Amino acid sequence: MAASMLRRRTAALCRNIQRISSSKTILSANSRIGFVVQTAAYNPKPLKLNISEPYIPDKDSEKTPEWQKTTRFDKKLFGRYGSASGVDPASLWPSREQLDKIIEEEKQWHPKLEAMLKNIAAKEKQETEKRMAKEKLIAANMAKMPKLVADWRREKRETKQKLKEEKAQRAKLLAEARERFGYALDPRSPKFLEMVAEIEKENKKKQKLMKRRLKEEQTAAPIAPPAASSSSS
């Protein structure tokens, strides 16, 4: 009994599926027919184009774009339609100023072979002169090198000797300060600086006195009489 019920339900389901598929087929066929009918009924307006004659813009009209009023557009018209464009070929030729500018640009960017060779020779000459001047400067500096090295060594020795003398003078002053005050002084202390100033003052006095004595001795020295000239017979 259960098997017979299952068969009846399966048969009913198949009948329903067949009805649904047949209805979809009818709808799709109707939609295709409607689209074909609508397409056949479309009647567009013809384009108003005059292909037999060239398009020549009216330059006096305000509706004409500015780029169609230029010489560049006239060149295109003349190149496409020739004399039918109504463009005067003489108006397309560059003016004297434009022609001079074109010639100058050609000279600058496309010079003649003679000018190129001349420029190359001038550039090579300039580079040679520059190299020779540099070599001359290097040779002059190399010639001065021994003297420069000797001067540097002499200055180094003098600086070293000066530092050595200053160190010895400082040690002497410190020893003299210890002997004078009985204890070691700081080189930055006011007492030490006053002592140094006093010693420098005394040394200046001694040097001045020595110069004066030397000058007095030179003044007091007897002047030798001039040698007697031999009498002529």
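Helices here are DSSP runs of H or I with at least four residues, strands are runs of E with at least two, and both are numbered from the N terminus. The model is predicted, so local features need pLDDT of at least 70 and side-chain atom pairs count only at pLDDT 80 or more, while totals for chains, interfaces and linings use all residues. Residues are numbered from 1 along each chain as its sequence is written, and side-chain values use heavy atoms, with hydrogens and water left out.

**Exercise 1. The overall chain**

Task: Find how many helices and strands the protein chain has, and what share of its residues is buried.

Solution: 
- Step 1. Take the elements. The protein chain has 6 helices and 0 strands. From the N terminus on, the order is α-α-α-α-α-α.
- Step 2. Buried means under 20% relative accessible area, exposed means over 50%, and partly exposed lies in between (1.4 Å probe, protein chains only).
- Step 3. Read the share. Of the 233 residues of the protein chain, 8% count as buried.
- Step 4. Turn to contacts, meaning heavy atoms within 4.5 Å. Among contacts with a separation of 6 or more, residues 24 or more positions apart account for 12%.

**Exercise 2. The salt bridges of D151**

Task: Work out which residues form salt bridges with D151, and where they lie.

Solution: 
- Step 1. Side chains of opposite charge can pair when their charged atoms come close. A salt bridge needs a side-chain nitrogen of Lys or Arg within 4 Å of a carboxyl oxygen of Asp or Glu. The count by this rule is 8 salt bridges.
- Step 2. Take K147. Its closest N and O atoms with D151 are 3.1 Å apart. Both residues lie in helix α5, 4 residues apart, about one turn of the helix.
- Step 3. Take R154. Here the closest N and O atoms are 3.7 Å apart. D151 and R154 also both lie in helix α5, 3 residues apart, again about one turn.
- Step 4. D151 is partly exposed at 21%, and so is R154 at 34%. K147 is exposed at 57%.
- Step 5. Widen the view. K147, D151, R154 and E158 are linked in a network of salt bridges.

**Exercise 3. Aromatic pairs**

Task: Classify the aromatic pairs found in the whole structure.

Solution: 
- Step 1. Apply the rule. Rings of Phe, Tyr and Trp (its six-membered ring) pair if their centres lie within 6.5 Å; planes under 30 degrees apart are stacked, over 60 edge-to-face, and the rest tilted. The search finds 2 pairs.
- Step 2. W67 and F73 are 5.3 Å apart, centre to centre, with 90 degrees between the planes, an edge-to-face pair. W67 is exposed at 54%, but F73 is buried at 11%.
- Step 3. The ring centres of F181 and Y183 are 6.4 Å apart and their planes stand at 45 degrees, so this pair is tilted. F181 is partly exposed at 30%. Y183 is partly exposed at 38%.

**Exercise 4. Helix α6**

Task: Find the span of helix α6, its buried residues and what covers them.

Solution: 
- Step 1. Helix α6 (residues 190-220) has 31 residues. The expected span is 1.5 Å times one less than the number of residues.
- Step 2. From first C-alpha to last, α6 reaches 45 Å, close to the 45 Å expected.
- Step 3. Its buried residues are F192, M195, V196 and I199. Their cover includes α5.
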